[in-house]
Amino acid sequence: MTPAFNTVQELATYSKGWTYVLMGLSLMCVVGFWFFLHGRDESKDPFKNVKQHHK
Amino acid sequence: MNRRTFLGLMGAAGVTLGTGSVSHAASAADVKGLPDSGAVLFDATRCIGCRKCEEACNTVNELPKPQAKFDDLKVLETPRRTHADVFTVVNKYQPAGAKAPVFRKIQCNHCLEPACASACFVQAFKKNETGAVSYDASLCVGCRYCMIACSFGIPAYEYNEALTPRVRKCTFCEPRLKEGKLPGCVEACPKEALVFGKRSEIIRIARQRIMDNPDKYLDHIYGEHEMGGTAWMTISGVPFKELGMREDLGVEPAGSYTSGALSAVPVVVGMWPVLLGGIYAVSKRKDRIAEEEKQKAVTDAIARASADAEAKLSEELTKAEVANKRRIEVEVKKALEAAAQSQTSGEEE
Amino acid sequence: MEERKQRIPRSLVFLALCGVAGLLALAVSSGHATPQEDDGFRADIMSISVLKDYGPLTQPKVVFLHDKHTSALAKLGDKYKAQCNTCHLKDKDGKTGLAFMREANPASGSDLKKIYHDGCIGCHTGLASEGLKSGPLDVQCKSCHAGEPAVKSSWQPLAVDRLLHFRHAKTQEKADNKCGACHHVYDEAAKKTAPAPKEEQVPGSCAYCHKATDTVTPGGKPEKVRSLRLASHGECVTCHLETAAKGPNTPSGPATCSGCHAPLSQKDIEANNTKQVPAGADLRIKRHQPDRTLILALAPKAKNDPAAKSFTMAPVPFDHKAHEARGLSCASCHHETLASCGTECHTVAGSKEGGQVTLAQAMHSQTSDHSCVSCHAQEQKKPECAGCHSQRKPADTQDKAACATCHTTPAPAAPEALAALAAAPASAARADELARLASQLLDARPKAAPMLATEDIPEKVNIGSMAKDYEPAEFPHRRIVLAMAKAIKDSTLATAFHADETALCRACHHVSPVSKTPPHCVSCHSASGPGPDGRPGLKAALHGQCMGCHKAMGIEGKKPADAPADAKPVPLNTDCAGCHKQAKK
Amino acid sequence: MTTHASAKNGGGSLFTPFNVICGIILLIGAGLTVLRFTGGLGAVTALDDNNPWGIWIAFDLLCGVALAAGGYTTSAACYVFGLKRYHGAVRPAILTAFLGYALVVFALHYDVGRPWRLPYPVFVQQGTTSILFEVGLCVFIYLTVLFVEFLPVALEWKGWPKTRNVLVKLTMALTILGVVLSTMHQSSLGALFLIAPTKLHPLWYSSYLPVFFFVSSMFAGMSMVIFEGSMSHRWLHHKMDSGHLDASDHVVLGFAKAASYIMFGYLSLKAFGLAMDNRWHYLLTGYGAWFLFEVLGFVALPCYLYAVGARDKNIGLIRKTSILAVLGIVLNRFNISLVAFNWQLPSADRYFPSLGEIGVSVFVVTVGLVAFKFITTRMPVFFEHPDYPDHH
């Protein structure tokens, strides 16, 4: 529940505060999501694609 | 607030916005506005809802006559808005607690910093010294973005004009103002619920009325600051919300809401080519390196193989000294074959 | 793969639901500027936020409709055997407390919260489980913790005025515990309150001890005093319920919130009061107040110097009894103590006790609802006065001559004598002397406002100086003036203040020198429109006067009561031809 | 191969179901066109003074531009980020983009009051403070860029090697220019609504609107490439050479992954947007449910499904998801320009499109389809022209 605010400054402090929290969260989540996304990628050998491509 | 979140936006673009906002602020500071431009005060406590102003507006602007005559006050029972052929309307409101109905005149408020002007992509709208926000149909493309932008919902459009539709709204009777006449509606008002004057004067008068009758008026001049200030202002004895006027407009001129986004544009032009060029260079380089590494791997392999062959050959030669010629020839042949073999296999790996 | 195959349909179902919900909700909420629709007013809106004594609230206040609950419970019949005690506990002496389900607040907020959650939700779920209509269950906090009520409040404080007091006193006439039924004193021996049966035992009005909030005065006797709110509900409501319990034919007072605090009920109460109180009855609540007295504005330094002749202002004779008869209660002018205004608190120089409000401010303040001027200004809002007074800004009504209307010096009384009187300690003799002087002044006041001779009042006035689209308006000048004079004839206030024969004229012929033949409007109001200083032009001035007056008096479109039979109703403000015929072209 | 194709196409009967349906729609469209330019907007549309913008803006302009974003995303991926195996997908994407923008401009001629004045903002008087001015300018330039980018195809078809080769040399520059312009006008389409904070519902209004539009345009474009790819595979498989075919699976997987990832970022941005302006409590209202429906159902879900699809190399799932994502963009643009716009007006004053408007929109899309079919069946879009083997 949002407390009452007397000044825009207070409101901003509150909302920006939560924004920072969310930023932290999303930064953490994005790592997880990255691994989920690339979880099943085949070998990480950078030249694999190149070779394959060269054939 | 907006400026602040805009910071966030720029952060997203990964750029410091010094340019954008600072220059915006500086230039804005030099602008004095038009304190002496024409303005009108509408006093809701004086309006009796006689529709004389509507009638005058209709005549002065030579608009088509409506079916219902202007002295027919039943029209007031349903709330109305401005239209292509109606530049001003008076609406009737029954505020909670008030014993008598209260009336409010609606027309273009002629903002000091008009949203329509800021939104128009051919500058068809202009705020003039007279106070009027004028419209030039000879430029209008008819995109109707002005109608989207106006937070008072004033501009109307000739939807049934096939080829030459215009945006229509109150002109502040600018031609009359230039002749030194009053706007049609102001002249027609029997109660001086509408008073015309320099904006600075008008504000003074409004304040005076409020001070003289503190319990008759709310202590607020609607339009003094709303949307950055308007030329048409309203004072009232009942909350403006009760008169269908939005109290959540804020004091920022409409243009300030888009200025942030606009100042982000040059940033894109400046930085994107750099970023993209960089990425391009990097990816190119990666390809090249990959290419080289491949070549190297191959050549190495070949070199290694031939080296082995040499070694074997010489060793066999020394042995051969003690053996007789034919056997030597045989051995040599063998060695050469072996070398040949190992070479090919080298290439393969 | 399989799990995915199930996942998709599931998520799709969820979506479909979400979408449908959204669409419906959209359809419902579309076009509503405000989510809350106003459905009527209530007088029983309580917002429960006791937890804030234990720290900042984590939830919005609970909006609780008391009458809604009592009436709902009453419908349940036998389940409501406990009556009030369904929610309010009896203390050891069997008195029902006002707090919900507790005698005193627990030490910890969480306990208190538990009391409420268990109490409310428990009861609701209980009812729901029996398939009965119940309040919100614990599913969504918001349904109780709404913060702001969805309905507007019509709650009005109820003042026990003399009529109401009289009716209550009447019920106790025979009882030996007469006043004691409501009024009590603190019995130090018993360490509890004891009834004060006799008039002289009554310490004063409730507000005298019971303040806006509970008061704790360490070492005070008693140390703790209930807030007026708790006290009044504790005494009144309990008593009403007890009387009601005696049976249907014993009359009793209301026991619901709206019963006392809803505007409508208050009208009924007033109606009953006037009905049930005999005409000649002496309604005065005896508080040793004078019938008449002289309000002295004695300069501070003169206090202990009887010889000083330094009055800051001529004294004001005050008819206390007459003001009481106007239906005012003590609290209308006095604060909770009944001490005379000028002596301790609102001294001429102002004092700490009086919150630095000087005597002059206390008497003339436009804003405070205790001052003479503000109260008189209220009188001016009556239709018969509003016609003129709504058009004048308050400043206009205060031309300096008006001061003398109240501030007058009794003829023979020498300043010294007055000073001495002012400085003298309160005594019966002093009171009598003040009363004598006051009467002398009051009786000298005119009994009726002077009026111009009827023939001096122009009968008809043709207003046509700017007739263009319309013919000149024929204005029944005399009839209107006489009607105005008649309307205020019986008001002593008006009589006192309209002391000069042209006072009424100045309603319309304002800010011009007093005379039988005031200047024409056009001499100030230009026919060519408003002046740069915002002064109305002639047309607007005239329209403003007529229409403003008609509107303020509420006679627009009506036929005045005392109008001659042939007179047509007062034209509507928008009925142009009603005053001046359309000019034929 | 081309000649053969066109011959076959020309030889076959004109009355294929596709042609017949298109023909009917085009006829209706012509009728509506006449009506629009004789009776004015009022004759065809349900627009009024409170609702000056209808589906011709919401769908034809906003969605059109967003879904044509495939052009800059694909070419950027291929040329800038050096994902060369996407090469086969570039031309179809460019073509779709070019047609998309062409149609946007085409549709504007119906919506705008005096179409012949459309060049005014650029050539007659520039309202530089207007976001719409920037949009117009960018679209105008970008359309040209796309045309030049696509020209080689036509030239290969017609067989004018010289000009073709010159243009191909410009590819890099054009691509970067394209991305710059796209960034500008994609975001600006969102910025259009910044000026009306009191008309757009707080859940959708945010000073991030430009960012939302730009970011969403990226996955919109990718999803469109995937979607349009699957369509083409159904109808124009015979037009595709091996190069394009094996590129296409790479593209589908790669874009699914990218789109999913960008959608994740978009979701975070949406959350930040709510947090910055502290708009949470609106989520409990009806509009809140609708907002969640859009964000969860048409961003979060596709984001997840794309990820799953990319992990499982499940082309089928990805293709289905792309439909969801594309719908999501349409829903978002409709919400911002129609549903959540003027939300405070009484329902009586709200806008609902007329049949005429829908008719014209369908007509415009059909024109696009026909043009696409015409070009792809003749020009070397899905296949490499034998004379110009792809060299990089």
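This is a short walk through a predicted model, chain by chain and contact by contact.

Some housekeeping. Residues count from 1 along each chain as its sequence is written, and chains are lettered from A in the order in which they are written. Because the model is predicted, local features need pLDDT of at least 70 and side-chain atom pairs count only at pLDDT 80 or more, while totals for chains, interfaces and linings use all residues.

Confidence in chain A, then. pLDDT is the predictor's confidence in each residue, from 0 to 100. Chain A averages 74, and 69% of its residues score at least 70. Look at residues 43–55 of chain A: pLDDT stays under 50 there. The model has 4 contacts beyond four places in sequence for that stretch. A contact means C-beta atoms, placed from the backbone, within 7 Å.

Now chain D against chain B. Here 50 residues of chain D are in contact with 58 residues of chain B. On the chain D side, α9(D) gives the most, with 7 residues. Helices are DSSP runs of H or I, at least four residues, and strands are runs of E, at least two, numbered from the N terminus. By class, the chain D side has 28 nonpolar, 16 polar and 6 charged residues. Nonpolar is Ala, Val, Leu, Ile, Met, Phe, Trp, Tyr, Cys and Pro; charged is Asp, Glu, Lys and Arg; the others, Gly among them, are polar.

Chain A also touches chain D. There, 15 residues of chain A meet 16 of chain D. Helix α1 of chain A, residues 8–38, supplies the largest share of the chain A side, 11 residues.

Next, the sheet in chain B. Three strands form an open, mixed sheet in the order β8-β1-β9. Strands pair if DSSP finds at least two bridges between them. β8(B) and β9(B) stand at the edges with a single partner strand each, so one side of each has no neighbour in the sheet. β1(B) and β9(B) run parallel, joined by 4 bridges. In one of these strands, β9(B), Ile235(B) is the bridge partner of Asp43(B).

Last, a helix pair in chain D. How do α4(D) and α6(D) cross? Their axes come within 9 Å and cross at roughly 165 degrees. Axes are lines fitted to C-alpha atoms, for helices over the stretch in contact, with angles from 0 to 180 degrees between N-to-C directions. That makes α4(D) roughly antiparallel to α6(D); the term covers angles over 145 degrees. The contact of α4(D) with α6(D) has 10 nonpolar, 2 polar and 2 charged residues.

How values were computed:
Two residues are in contact if their C-beta atoms, placed from the backbone, lie within 7 Å. Angles under 35 degrees count as roughly parallel, over 145 as roughly antiparallel, 65 to 115 as roughly perpendicular and the rest as oblique.
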